[in-house]
Amino acid sequence: MERAPLIVSVSGIRGIVDQSLTAETVARFARAFASEKTSGARVILARDTRPSGERFSRIASEALQVSGCTVIDLGICPTPAAKLMVLEDGAQGGLIITASHNSIEWNGLKLVREDGIFLDAEASARVERAYHDDRSREEASVNVESIEWSQTRSIYLKRVLAAVDTEAIRAAGLRAAVDPCNGTGALYCRELLDALNVEAIVINDEPNGDFAHEPEPISANLQQLGEAVRNGRCQVGFAIDPDADRVALVAEDGEPVGEDYTLALAVQSVTQRQRGPVVTTLSTSQIVSDVAAAAECPVLLTPVGEVFVVDTMITEGAVVGGEGNGGVILTSVDPGRDAAVGMAMVLDVLAMQRTSLSRLVARLPRYAIDKRKVGCQHEDFERAVEEMVARYPSALRHPVVDGVKLYLTGSLECPWIHLRASNTEPIVRVIAESASPQEATKLCDEAEELLRG
């Protein structure tokens, strides 16, 4: 396998275990992160279920202690819950060992500010400079505390349940299948559904990191969940990624409905009770904007990256936000994408509308969205962006910091195409959306041809 580079972005640090992400890499980043903290700073430490996580977590803990930090070790814990515990503890930050949706050979670090939000671009750049300078503060500490998952879960699920109409869901008699892919979602999915009186059929629910299939919750990886939905006669299926910040949906017929519908239905759930701004990214389907517009709520688009969405939500007083990858954000619960929130919101809509998921989806505007990953060199990416712009001179070019997004009709609606370098993998993401599947495919074909030279 070709050696993948270490990826450092606003989405964190990721690399191939013991190749681009080594014990020394983890230790240096932990020391770099701690170098900006005050003496005795409390830092939350958590990890997902990957087998390499236990070793890397121990290394990170030692590095933080050497730098004078008090470590509050949560052990295996969903990323949203760990971020919430930064706030609950009053810690100065958090360090989470996870590679999110990436496959098993990857791992990484997500770095969290004292407000429970991931580091922004400026803070990330400071930590990266400190990493390259091998900057650290030699002020040894032996202070390590632990918080049991049962305590974290109680705090976390109480927040999630407060965000929905629990009585309506409990009375709806729903049945759901869940696939947490042996990741951290397995720690809470049964308890969450039990609390909502939803009959649960759970597969791949051992939090041991032995992923039963490729862990990214995209349509190609939802076949086993679809079978569980059909066999169990469920109203909905939920696929959770390994660190439990994304959730994708399967309808009652066992067919995937698309990642973007998770956020669209969550927007419906929130805006039927509360009006206000909705925030999402430039790569999110037009469906989300249409649902918000139907509720007379303004939509704000940000660059791709959770921190951009959350910071904008807080600044603008948004009622809901998220990304089109199945990541739903309610800042009243925790300051980031959260699969449990997404699950609760979809159950909320199903209970209130008293109809099937496929009918809910059919009521929404229909668009065809094509999402691809293309490997290419940086210079080929820059050239492809220039050539794509030249091909559509009348298109409206949306301001983008990491590629290009073109609205072909000259207005902020479909069809559009977005090219950007991934924050989490050494690839370019190509996303096109149109009312016509053929047009979406054609746009992606054009971009892929240009990227491959």
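**Figure 1. Pairing of strands β8 and β9 in the predicted model.** Strand β8 (residues 175–179) runs parallel to strand β9 (residues 199–202), and 4 bridges join the pair. Two strands count as paired if DSSP finds at least two bridges between them. Strands (E, at least two residues) and helices (H or I, at least four) are DSSP runs numbered from the N terminus. Alanine 176 stands opposite alanine 200 in β9. Of the 5 residues of β8, 4 are buried, that is, under 20% relative accessible area with a 1.4 Å probe and protein chains only. The model is predicted: local features need pLDDT of at least 70 and side-chain atom pairs pLDDT 80 or more, whereas totals for chains, interfaces and linings use all residues. Residues are numbered from 1 along each chain as its sequence is written, and side-chain values use heavy atoms, with hydrogens and water left out.

Figure 2. Contact means heavy atoms within 4.5 Å.

**Figure 3. The open sheet of 4 strands, β13-β12-β14-β15****.** Pairing in this sheet is mixed. Because β13 (299–302) and β15 (327–329) each have a single partner strand, one side of each is left without a neighbour in the sheet. Strands β12 (residues 278–281) and β14 (residues 320–323) are parallel over 2 bridges, with valine 278 opposite valine 320 in β14. Helix α9 packs on the sheet, touching β12, β14 and β15, at about 180° to β14. Helix α11 also packs on the sheet, at about 170° to β14.

**Figure 4. The largest pocket and its lining****.** A pocket is an open set of points on a 1 Å grid over the protein atoms alone, where a 1.4 Å probe fits, with protein on both sides within 12 Å along at least five of seven lines; lining residues have an atom within 4 Å of a point. The lining has 45 residues, of which Arg246, Glu259, Gly324, Asn325 and Lys371 lie nearest the centre of the pocket. The largest share of the lining, 5 residues, comes from β16.

Methods: Buried means under 20% relative accessible area, exposed over 50%, partly exposed in between (1.4 Å probe, protein chains only). Axes are lines fitted to C-alpha atoms, for helices over the stretch in contact, and angles run from 0 to 180 degrees between N-to-C directions.
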